[in-house]
Structures are given as structure tokens and as C-alpha cells.
Amino acid sequence: MAMMTPPIAPLMPAVTLLDYVGIAVFAISGAVVAWEKRQTVVTFFFFAVVTGVGGGTLRDVLIGAPVFWMHENATLLICMTAATLVWFTPHRIWGGQALAWFDAVGLAVYSTYGAAKGLAFGAAPLPAFGMGVLTACAGGIIRDLLAGQPSILLRPELYVTAAALSAGLMVVLTLAGMPILAAGSIAAVSGFTLRAIAIRKGWSLPGYRG
Amino acid sequence: MAMMTPPIAPLMPAVTLLDYVGIAVFAISGAVVAWEKRQTVVTFFFFAVVTGVGGGTLRDVLIGAPVFWMHENATLLICMTAATLVWFTPHRIWGGQALAWFDAVGLAVYSTYGAAKGLAFGAAPLPAFGMGVLTACAGGIIRDLLAGQPSILLRPELYVTAAALSAGLMVVLTLAGMPILAAGSIAAVSGFTLRAIAIRKGWSLPGYRG
Amino acid sequence: MAMMTPPIAPLMPAVTLLDYVGIAVFAISGAVVAWEKRQTVVTFFFFAVVTGVGGGTLRDVLIGAPVFWMHENATLLICMTAATLVWFTPHRIWGGQALAWFDAVGLAVYSTYGAAKGLAFGAAPLPAFGMGVLTACAGGIIRDLLAGQPSILLRPELYVTAAALSAGLMVVLTLAGMPILAAGSIAAVSGFTLRAIAIRKGWSLPGYRG
């Protein structure tokens, strides 16, 4: 692994910014769960960090990349700032639809980015697609497990599906030769749009009825 | 880790086939849980993948091996095919004993293989034994956690014990100098036999009664 | 990763001993949960191992270190001995306060050691602090998840907070230039003292009341 030069390097500034957006959004969603359960400030921090970095951490471990937040302070600072923000702002800001929309942005960005990073580290197309879905969804799955609430996996709404759309498009368009920024934009906007429709119209997948 | 040449290499074709058998069986067991909970097709896929590759993934991360399914499409295709199969076939196929028997094959094969791979990557005997148990059981444990159902760990039936028998025999026989194929056959057949008796006769371990 | 020489090396004997103390204590706490649930001996072993090595394993995977118990038998032997001990000794030993006090020692030692190992492997200060907290708390979190009981994360008592105090002091004092043994002693004693007060006086953090 150590000898691999990830081709994503020249794009790092843009990619890092997107990464931070995803982290902040998911960290807020973790802190909001701590808030709904009337937890302590330490638990606010813990949930913000685990939800904010969980998906990307799992991705990095699986693709053999150094864990992205280990050699800098910025990422954890973002998560702790998010937790502090949720602690000090009034309920109604996070109780309504606002969080769902922020989360939709994070979902689209993170799944696109995760798939790109998977490809950059030499994953085959299908695993790279899986890395995108995992990056976007694993933080929330871990958050739900720790909070003892039903996993996002078991809800029929179009959530994992929107992540799959972004990750899938990113892999297909990149392998078809499209420049990474164009592919990434199309992938992220498509996933966000599907998730937006799901939020607005309540679209969901049908459960099994064999 | 990168410099280690695993002695298991010449046996890779046979080992890969066994690996695929284990993956397919566990992926089916994951999809069946999604089916019991009347989930969506996306959740079918997710559970099939997580259950199919979860144990082996954890093993590879812990022994410092590249994650086995990351550089090929075949493994995830097997999991997704398993999920599709469960979605389209009638209930009764998976509702009865059939799954338990397939799972017994997977359990025996995976625990034997996991212990062998642990030794091949330089693990000490006891950790290599642990890797065998983990490879066979972790996928199911993660599946139960995500599905919110009681962990297989908390059931008294001879399940983890059968995996421990296979893994333990594999380590002991290999260290005693037996050729890997002979050791593997004895280990896998022994674990399968113990599990088969447990299924047929309802054998289980006694719980603590201090 | 493989080329990094951790500066912690000369202190390895003392550090290894502390590591074993933490492992033994947490392994006992895992076995006690198996005992409370009247589980089988196999589950006793499984819970002892997972709780004993869970936090340190996660830390090593995240910082890119070889998993600490993979190339020796001693660590798993300690866990299995702890499980056997809990199985064969009378209830009342573990039912009272004794375990809480042992656990307080493990918590302080493990969080201090985890932060030091994080720094030794090149983690930035905030992630190194996080590694300390994780080393001390993740084993118990995984134990609670597997046992299906409310996570230690959701209890208001000063538990994660005590780990954070030890980990934070270790990072700050080390970066301020204090020798590692002095820093480690101050950090571990401080965290233990806070935890001791929490056990004796029932101190806890206030939950959110926005």
C-alpha cells in the first residue's frame, strides 16, 4: 500500500473541502441524536466524532489508506465544533427539515468522494462503488447502533439508494473516461436530487412481498 | 506486512474456491434476515454483502493482509447474486433446515480457512485460532447487530464451538507438520460434523449455573 | 507504516506490563457480563477476548500499527484465563464494587497508554487524544453492543470523561516536553482519581437541558 501513489493527489484541495463538508454535516447529525436523548456534553462529542468520521475511517482501513484524520487536528476540531454548535443552539433549528437537507448534501458528497478515493487506491469497480456507499452510510449506521435506535438500513426511504446512485455514477463515468471533476459533479448532483425527491415526496422503496 | 510472502500462495486456486463457498453461504444467510424483516432490495444487497464478507474482512484488517475482495469484482458479485436469488425464490426454500445446513458448510470451511490464513500471515498459534473463529462468526454477528436481533453469540447452541473446533484443529495439525490440505480436510470435516450433530440432535452447551 | 520506528520502544517492558493490566481488567469485565447473562463457557471466552483487546485493536488498526496481540499468545491467554477465573469463582466477588475499582485502574492505564502509542505512531495531538479515549472505552462499547445492553456511552457517570482526562493530560504533558514516565504517571493517576470520585460520590455529568 505504501508504494501506491494515489492519482487523486492533484485534486486534493477541492477534495479536502468536500471531505470537510461531509464530516461537518454527519457530525451534526450525530450530535443531534445525543441531543434527542438528552445526553451529556461528552456524549455529544463522542457521537459527533463517530458519526462524522466513521464512514471515511472504515473506507480508509478497507482500501489500505492511512486513516484520513489521524495526522491533522482539523477533522476532529470540526466534529467537536459541530457538537458544541448543537449544544448551544435552540432545538427548533435541528428538529425540523434543516438537518435532513444538510444530511442530503453530505450523503451525495461523501458517496461520490468515497467511490473516487476507492478507485484512486486501486479498488476494482464494484468494491469502489461499495466504498462510496459505505463512506456515506457507515457513520450513520454506527451512530444508530451506539444510540440503540433502529438502523437507517432498515428504513425503506431512499437513503442508501441515493448514496448508491452517486457512487455508481462516479465509478461508471470515471471508468468511461470522463474527467474526475465533471464525473464527480454529475454523480453528486444526481444522488442529491434523488434524496431531495425522497425528502419532499416521501418516496421509498417497496419492501419484500414474495 | 507488504514484504511477507504468504506460504499459502501455491494453494490459492483451491483456497479461493472454498472462500467463495463460504461467502455465498453467509451472503444468503444475510439476505434471508432481510427477507424475514420484509426489507427493500437495497437492504437485501447490503445485508448479503456485510454478512458475506464481514468476517473475512475483519480477519484481513487484523492480520495486516489486503482486504480480500477489494481488487476484484467477483466477491461482491457473488453476494449480490445471493441476495437476488433469495429475493426471487419462494419462502419455503430458506425457511426450513436448508439454510442451517448450508451455513454449517460455510462455518466449517471459513473457520478452517481463516486459521490457515492467519498462520500464513505470521500470526501466533492462539491468535491464528482466533482468526479462524472470527472469520466464521463475525459476519453473522454484524448481521445480527444491524438487524437488531439477539446475537448468535448469546445462543447456547454449538455454533461458535464448531468454528473453534475447526480452527483449533487446523492450527494444531499444521503446527504438527501435517500437509495443509490434509490438515484442512480433517479440520473442516470435524467442525462440520459437530455442527451437524448440534442441528440434528439440538445439542447445546450448558449456560453458567454457579 | 512499516518503516516507522516508534520512539516508545525503549519503554516497552513497562508499557507491556501496563498493557497486560488493562487487558486483564477489561477481559474480566467482559466475562462478568457473560456471567450476568448466564452464558456458556464459549461466550465467556468470546466476551473476555473482545472486551479485553477491542479498544487496543481498534487503536492499532487506526494508527497503522500491527495489531498488538497478533504475534504472541500471551494476550489471548490472559483473556482466556480471566474468563476461566470468572467462571470458577463465586458470584459475590464480581457482583459488588470490586470490578468497578479494577475497571477504574484499567480505564486510567489504557487511556494514558493509548494516547502515548498514538503520539508514538505520529498521530496529531487531537487524534492521539482520541486514540487514548478509544483504547479505554471501545472494548466496553463493543461488549455492550454484543450483549444487547445500553452502551456505557449513554450513561451520565464520569467514565468516558475520566478516560478523556488521562488521555488529554498525557498528550499535553508529553508535548510540553515532560519525560514519558512522569507524564504517564500524572495522567494515569489523575484519570483514576476522577473515576474514583465518581464511583464513591456518584458524580455524573448533567445531561442536555436546552
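Me: How many salt bridges does the rule find across the interface of chain A and chain B?
Reply: Keep in mind that this is a predicted model. To count here, a side-chain nitrogen of Lys or Arg has to sit within 4 Å of a carboxyl oxygen of Asp or Glu. Across the interface of chain A and chain B, the number that comes out is 0.

Me: What area is buried between chain A and chain B?
Reply: In terms of residues, 27 of chain A are in contact with 28 of chain B. Carbon and sulfur atoms give 76% of the buried area. The total between chain A and chain B is about 2400 Å².

Me: What rotation superposes chain A on chain B?
Reply: The copies meet through different surfaces, because only 7% of the interface residues of chain A are also interface residues in chain B. For the superposition itself, the shift along the axis is 0.0 Å and the RMSD is 0.0 Å. The rotation that brings chain A onto chain B is 120 degrees.

Me: Over at chain C, which residues of chain A lose the most area to chain C?
Reply: 28 residues of chain A are in contact with 27 residues of chain C. Chain A and chain C bury about 2400 Å² between them, with 76% of it on carbon and sulfur atoms. Three residues together make up 24% of what the chain A side buries, and they are the ones that lose the most: A:Phe46, A:Met70 and A:Leu146.

Me: Which helix gives the largest share of the side of chain A that touches chain C?
Reply: Between chain A and chain C, the count of salt bridges is 0, while 4 residue pairs are in polar contact, both at pLDDT 80 or more. On the chain A side, α2 (41–63), α3 (74–88) and α6 (125–147) each supply at least two residues. The largest share is 7 residues, and the helix behind it is α2(A).

Me: Is C:Ser166 buried or exposed?
Reply: C:Ser166 is found in helix α7 (residues 160–175) of chain C. Beyond its sequence neighbours within four places, C:Ser166 is in contact with several residues, including C:Ala108, C:Thr112 and C:Phe192. Its relative accessibility is 0%, and buried means under 20%, so C:Ser166 counts as buried.

Me: Which residue has its backbone oxygen 2.8 Å from a polar atom of the side chain of C:Ser166?
Reply: Look among the contacts of C:Ser166, leaving aside neighbours within four places in sequence: they include C:Ala187, C:Ala188 and C:Gly191. The backbone oxygen that lies 2.8 Å from a polar atom of the C:Ser166 side chain belongs to C:Ala187.

Me: How far apart are the C-alpha atoms of B:Gly191 and B:Thr112?
Reply: B:Gly191 sits in helix α8 (residues 180–201) of chain B, and at 2% relative accessibility it counts as buried. Leaving aside neighbours within four places in sequence, B:Gly191 is in contact with B:Ala108, B:Ala162, B:Leu165 and B:Ser166. B:Thr112 is 79 residues apart from B:Gly191 along the chain, and their C-alpha atoms are separated by 8.6 Å.

Me: What is the phi of A:Arg38?
Reply: A:Arg38 is in the loop between α1 (12–36) and α2 of chain A. With a relative accessible area of 41%, A:Arg38 is partly exposed. Although A:Arg38 is not a glycine, its phi is positive, at about 55 degrees.

Note on methods. Residues numbered from 1 in each chain as written. Chains lettered and ligands numbered in written order. Predicted model: local features only at pLDDT ≥ 70, side-chain atom pairs only at ≥ 80, totals over all residues. Heavy atoms only, no water. Helix = DSSP H or I, 4+ residues; strand = E, 2+ residues; numbered from the N terminus. Buried < 20%, exposed > 50% of the residue type's maximum accessible area, 1.4 Å probe, protein only. Contact = heavy atoms within 4.5 Å. Buried area = accessible area lost by both parts, 1.4 Å probe. Polar contact = N/O pair within 3.5 Å; in protein donor to acceptor, adjacent residues only side chain to side chain. Least-squares fit on C-alpha atoms with pLDDT ≥ 70 in both.
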